[in-house]
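Me: I'd like to go through this one and ask what the labels rest on. Here it is.

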Amino acid sequence: MFYDTDTNQHGLKFDPFKALMAPRPIGWISTISPEGVHNLAPYSFFNAVGDRPPVVMFSSVGMKDSLRNIAANGDFTCSLATYGLREQMNMSSATVAYGVDEFKLAGLSAVAGVRVKSARVGESPAAFECRHWKTLELPNFLPADGPRKAAKEPNFVVFGVVVGIHIDERFIKDGIVDTAGMQPIARMGYMDYAVVTRDNTFTLNRPMASSDGQSASVQPGPWDGVYR
Ligand SMILES: Cc1cc2nc3c(=O)[nH]c(=O)nc-3n(C[C@H](O)[C@H](O)[C@H](O)COP(=O)(O)O)c2cc1C
């Protein structure tokens, strides 16, 4: 099947876009208000967009509390959402009133940042402390005279430079981060999630180009520790 998103006549029970853009990592974003109240919420329009220096982005459908706090305070922290913390992650997405501390709501510990004012989730095995760089307001890309109307509020994409990273040392083995051991969760479509485990991860060596640059081959066996 094919459908045009200007009309979005997909004929399915629900809009399939997010079920196909999956799995999406979850940025569990924490911020602090000017009054000093912690805020926490999951965002699955989230990813890394640079690595020297590391940069992350998340996107908010409308102006939410996380964005207000970031605009006022200039930083945020993303903690890793894991299978063991799935219920707390979900609870922190409740649209409670501004000023309600979702760390408390979800029974999580807010641990002070090293380089930023925003706290991280103490129970999470990894967290990124981020300095706000820029927030972009996305325009309404739909044709003005088209049948489909955009969401009431625009999407805002928030970029942050990662200035510090926390890793629970129990998940470092022989100098390598045991990502699968942390069991990160990711968002799919509808109310579905995926979890990364040792059973569902695999390794692929990068292809090495031939000296004349005309072909490439993949070395068999375990990774030799060289990025290609
Ligand atoms: C797993 C998950 C992912 C979510 N991803 C997003 C997202 O990418 N963008 C968004 O605007 N809301 C997203 N939400 C909804 C927000 O978490 C929710 O609106 C929350 O109340 C926002 O909190 P805040 O107002 O404190 O920022 C997601 C919810 C869940 C459970």
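Me: What makes S13 and S14 a pair?

Reply: This is a predicted model, and in it strand S13 (residues 185-187) meets S14 over three bridges, running antiparallel. Pairing takes at least two bridges, so the two strands qualify. Ile185, for example, has Val195 in S14 as its bridge partner.

Me: Why is the sheet with S1, S13 and S14 called open?

Reply: The order is S1-S13-S14, with antiparallel pairing. Strand S1 (24-25) and strand S14 (193-195) each have a single partner strand, so one side of each has no neighbour in the sheet.

Me: What makes Ile29 a contact of Cys78?

Reply: Contact needs C-beta atoms within 7 Å, and Cys78 is on the list for Ile29, along with Ala41, Tyr43, Phe58, Ser66 and Phe76, once neighbours within four places in sequence are left aside.

Me: Which residues touch the most other members of the largest nonpolar core?

Reply: Trp28, Ile29, Cys78, Ala81 and Cys130, out of 32 residues. Strands that each supply at least two residues of this core include S2 (27-32), S6 (75-80) and S9 (126-137).

Key
Residues numbered from 1 in each chain as written. Predicted model: local features only at pLDDT ≥ 70, side-chain atom pairs only at ≥ 80, totals over all residues. Helix = DSSP H or I, 4+ residues; strand = E, 2+ residues; numbered from the N terminus. Core = buried A, V, L, I, M, F, W, Y, C linked by C-beta atoms within 7 Å. Buried ≥ 20, exposed ≤ 12 C-beta atoms within 10 Å, placed from the backbone. Contact = placed C-beta atoms within 7 Å.
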